[in-house]
Amino acid sequence: MNAENCSLAEKIVSSSYVQQGAQARRARENLVRQLFEQKKCPEIGWDDMSIELLLQELAVMDSNNFPGNCGVGEREARIASRLVANRHYNIGHGIGRSGDITAIQPKAAGSSLLNKLTNSMVLDIIKTAGVQSAASAFVVPMATGMSLVLCMLTLKQQRPDARYVLWPRIDQKSCFKSMVTAGFKPIVIENKLEGDELRTDISAIELKVQELGAKNILCVMTTTSCFAPRVPDRIEEVAQLCAKLEVPHLINNAYGVQSSKCMHLIQQGSRIGRIDAFVQSTDKNFMVPVGGSVIAGFDKKFIEEIGKAYPGRASGTPSMDLFITLLSLGVKGYQQLLKERKEMYKYLSAELTKCAEAHGETLLHIPHNPISMAMSLRTIPSELATQLGSMLFTRFVSGTRVVATGELKTVQGYTFHGFGSHTDNYPCTYLTAAGSVGMTKNDVDLFVKRLHKVLERCKKTGAAETLEEDTIET
């Protein structure tokens, strides 16, 4: 309410009451002013009413919400369902323009403000999380795999002769499919087994570059966040190698923002070598619905080129989800989530160690993976081990993976031996679990309790009997 309306309101109710309300309103307006001035994630999270007030004010700046608006084009943010309109706070124009996903829309000043502010806030969070020298970042309404495709197609414009992507093996379908979908030939670099860990073979990457020729290689695609027993790639060494050989370096940082170790690797790699872009998921790192990712990098111009490579406008939903979440959490709230994640990782590791020892198993020694861990399943008959994951799932345990040795799987025409274990012949079958952001002590306790029960029944009875007889315990 502006000053004139407040003055008029004082003729209806007590002046002191109106002034008190106006003062409260100014406090919320000051939050908006600071956000617009600083273009950073607020230190302290906002209350829901302040966030909704801003969303409503952004919505009235879009043409579809103008009083008396007459839209005669084919794309006027017309929304048939009131439920859908309410879900999106009447913001319906999406983000970007046909030539650039980060561009401002003339019809949608409010949507454009939301998009620009979200990109600024997520860059601030990336710096806070450990990559201080990141120069640019933007939210893309695609999950990590398709965002990697966008990055590779942008690199292709700079390297028209390139045909290959060197890929230290990570048995996760979307990142592998991204290379094939983008039209490139993946060159799989097998990992080296060091103790229980699978680590990057730097010399094999260098030899392959020399064999194929640097100009024929689009990039090296490394990975930070990954399922144990694989650990984050040797980002610093790869970055140095890429700088020396003049080969681009793309990082799949899917859920690495939540790990200070992963972010430190990226920061150090950029400092001493070459990193062209790194991509991270919004849902895994910021606890929003699936559908978005963040592309970031150290050369602002190159990140802008990636944005321009996106064809057409885009959904604004992932940006809005992240906008609301970052305002709600604030920097301190997100830092608290990261602190709690580290604590839960340690707690999960301790409890899983106890469980493993109670059943004659071991928690594999994987010190370089800061999120995922693995427990051996050497004492479980092979015909039961492969069913262990589904047995846990029927008991409402999600997110675990049981990986048996020797499994063959074909992905996009490429056959992998031992798929899931990131190597042809890992020494044992194992089960993974992750200490990721948002996990609670109750999650760990229930998981370990149900795992105990499943392991006991696997040893006493057959898998079929276990599935039929067991009941869910909450």
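Predicted model: local features only at pLDDT ≥ 70, side-chain atom pairs only at ≥ 80, totals over all residues.
**View 1. The largest pocket and its centre.** The volume of the largest pocket is about 740 Å³. Its lining is made up of 38 residues. Those that lie nearest the centre are Phe 227, Ser 398, Gly 399, Ala 434 and Ser 436.

**View 2. The largest pocket between two domains.** Domain 1 spans residues 109–330 and domain 2 spans residues 333–465. Because both domains give residues to the lining, the largest pocket lies between them.

**View 3. Elements and residue classes around the largest pocket.** Five elements, helix H6 (144–158), helix H7 (173–181), helix H11 (282–286), strand E14 (430–434) and helix H15 (441–460), each supply at least two residues of the lining of the largest pocket. H15 gives the most, with four residues. By class, the lining of this pocket holds 19 nonpolar, 15 polar and four charged residues.

**View 4. Elements and residue classes around the second largest pocket.** Two or more residues of the lining of the second largest pocket come from each of helix H5 (109–129), strand E1 (136–140) and helix H12 (300–309). H5 provides the largest share of this lining, namely six residues.

Definitions and conventions: Residues numbered from 1 in each chain as written. Heavy atoms only, no water. 1 Å grid on protein atoms, 1.4 Å probe; cavity = no way out; pocket = protein on both sides within 12 Å on 5 of 7 lines; lining within 4 Å. Points joined across faces, edges and corners; volume = space filled by probe spheres on them. Nonpolar A, V, L, I, M, F, W, Y, C, P; charged D, E, K, R; others polar. Domains from an automatic or database assignment.
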